[in-house]
Amino acid sequence: MVFLSQFRLEPIRYSVLEETESGSFVAHLTKDLGLGIGELAARSAGVVSDDDKQRLQLDRQTGDLLLREKLDREELCGPIEPCVLHFQVFLEMPVQFFQGELLIQDINDHSPVFPEREVLLKIPENSQPGTLFPLLIAEDLDVGSNGLQKYTISPNSHFHILTRNHSEGKKYPDLVQDKPLDREEQPEFSLTLVALDGGSPPRSGTVMVRILIMDINDNAPEFVHTPYGVQVLENSPLDSPIVRVLARDVDAGNFGKIEATDGGGLSGKGTVVIEVVDVNDNPPELIISSLTSSIPENAPETVVSIFRIRDRDSGENGKTICSIPDNLPFVLKPTLKNFYTLVTGRPLDRETRAEYNITITVTDLGTPRLKTQQSITVQVSDVNDNAATFTQTSYTLFVRENNSLALHIGSVSATDRDSGTNAQVTYLLLPPQDPHLPLASLVSINADNGHLFALMSLDYEALQAFEFRVGATDRGSPALSSKALVRVLVLDANDNSPFVLHPLQNGSAPCTELVPRAAEPGYLVTKVVAVEGDSGQNAWLSYQLLKATEPGVFGVWAHNGEVRTAGLLSERDAAKHRLVVLVKDNALPASPSLTIYLVVALALVSSLFLLSVLLFVAVRLCRRSRAASVGRCSVPEGPFPGHQVGVSGTETLSQSYQYEVCPTGDSGTGEFKFLKPIFPNLLVQDTVREVKENPNFRNSFVFS
């Protein structure tokens, strides 16, 4: 009932004279239907007739209903009166139907016509006055007052015409005998029968009636069974027998042989009623009145098509069933006069399915059943209902400091499930949440592909990390967008040299420290304190005694910068020593080949260290075994391990010295005599050369 409320049950009625010129005005639908100006055009109004012939046309702009062609009432309706052309006016958005009836009024454009030009009537001479003789009837295609109204006959003294009305509405002429006949006096009459219609002026048709006066024949033939009723299947072949009629005449001889008219000229009348029985020989017809091939997604109930079903058969053969597949999101809704509306059953989603092929099947209920199928293709047009989505909710990018300008530091990517312009993505930087972050001067983004570029050279010591949001917006209307977080981590580069905090440096003057000569081995002379502006491994500092007045007297701990005495000081040692301590960071070489060299060097140093330990143990065991028997000092030959940080800061090298150890038995005291090292000069010269060539050795200092 809710759906049927969209239809106007009471039809709108108009009338027009037949044979009116095409293009003639019939009615103003906008006013009659109670619609607003321009609503017919906005709602795609249309007019269809029941016979599928476009006899009417609708001017959507003016709202006028016009004739598309001349209408011939006799062609459309034949003898049926009134002659009504049924039509429907349908509108979309929302769907509405209006029934209409156009009454086609008859004009007197046809004259009565007799089926024969001449009629021969034989009357026996003993016929009595008042006898009726049926004559041929005339046909007039017009109806009503313009149809056949009466018959007349040319003036004579023996006959007149009686016009009788049949139950079916037809008018029959009967010839009435007025006076006795005498064949010998007048054997033949020639009269003119005139059929007149009721038009103004009236039209007429004529037929010649020849009357022959025959000898006496007392009995007219009579049909045995009248009326005859018979059924005939449609599509029966030509000349197929339909019914056999039988007439009889009680007269004998020649006057008893008759075929509806006896040999004496008397005739009888019988009625044969033929009913044509329908055969299911017409498949259903599907006539599309309106079709929308593209439907926007997410729209509520939307009209796809308006169509009408017709089956030219009758009875069960003309009843139809209309259906579509069950697995589609569409619904068939029946309306009036076998009209159907195909609508969406639920909102469509283009991203799930972009096209539907709908097969409408119409089946009749005849035997055998006949069916008709019509396929409709519906495209689902895109609506901007999906925002561009980033492939990640957050991105982490790594950039080494001191980068070049306009360096491509990474990319973000977003996709949109829509299509066309709704899926075209534009990238942009969103305002930073930190108002102090100069984002516009740090990075830029390519609006088309999401590539990110550094606009300035980054300094790790000033900015270790920063984050910002990027947006992806599609080009739909309205535009939809999403955002993602981008975190940029600045990687440290070894671009800062170590800075010595203690001892304080004042130009070229060395720092002076006092050491008592009675200081024990390992006596803390001073501690070098340095800081590094870099981070990570680049900030790992190592300390190295680069140069000394007398090697072996003082040593520097590589990891904490403590300067300590290497042994007991003697009178033979100089009173003033000049030490140069090198402070360097622990940055790894950038070149892969240097890294390989470093690994090889570490392996060699480890092997040498292990060998030195084994030799040291062997020497100690040898000295103990000989001390009891020899009783004098022994001078071992060979390298002794000495710990010193290498020039690269990442390896340990061995430097060998020879010592003279002469303990005395009476005093219980001994002394160490420092001899010159085997390779000290070569080591110092190489170290100085590397300091000059390597900028990492800039931060060294001298103290005495």
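A disulfide is a pair of cysteine sulfur atoms within 2.5 Å, and this structure holds one. The model is predicted, so to speak of local features we need pLDDT of at least 70, side-chain atom pairs count only at pLDDT 80 or more, and totals for chains, interfaces and linings use all residues. Residues are numbered from 1 along each chain as its sequence is written, and side-chain values use heavy atoms, with hydrogens and water left out.

**View 1. Cys 77 and Cys 83 form a disulfide.** Their sulfur atoms sit 1.9 Å apart. Which hand does the disulfide of Cys 77 and Cys 83 have? It's right-handed, because the torsion about the S-S bond is about 70 degrees. Both Cys 77 and Cys 83 are buried (buried means under 20% relative accessible area, exposed over 50%, and partly exposed in between, using a 1.4 Å probe and protein chains only).

**View 2. Asp 182, Glu 184, Glu 185 and Asp 215 form a negative surface patch.** Patches like this are made of residues with over 30% relative accessible area and no salt bridge, with like charges joined within 9 Å. A salt bridge here is a side-chain nitrogen of Lys or Arg within 4 Å of a carboxyl oxygen of Asp or Glu. Take Glu 185: it's exposed, with a relative accessible area of 62%. You'll find Glu 185 in the loop between strand E12 (171–177) and strand E13 (188–197); strands are DSSP runs of E, at least two residues, numbered from the N terminus.

**View 3. The peptide bond from Ser 200 to Pro 201 is cis, and so is the one joining Ser 477 and Pro 478.** For Ser 200 and Pro 201, omega is near -5 degrees. Pro 201 belongs to the loop between E13 and strand E14 (204–214). For Ser 477 and Pro 478, omega is about 0 degrees. Pro 478 is in the loop between strand E34 (465–474) and strand E35 (481–491).

**View 4. Glu 19 has a positive phi although it is not a glycine.** That phi is about 65 degrees. Look for Glu 19 in the loop between strand E1 (7–17) and strand E2 (25–28). With a relative accessible area of 30%, Glu 19 is partly exposed.

**View 5. Asn 298 is not a glycine, yet has a positive phi of about 70 degrees.** Asn 298 sits in the loop between strand E20 (294–296) and strand E21 (303–310). Its relative accessible area is 38%, so Asn 298 is partly exposed.

Key:
Patch = residues over 30% accessible without salt bridge, like charges linked within 9 Å, V, L, I, M, F, W, Y side chains within 5 Å. Areas by Shrake-Rupley, 256 points an atom, 1.4 Å probe, with all protein chains shown as cover. Lys, Arg positive; Asp, Glu negative; His and termini not counted. Charge placed at Lys NZ, Arg CZ, Asp CG, Glu CD. Helix = DSSP H or I, 4+ residues; strand = E, 2+ residues; numbered from the N terminus.
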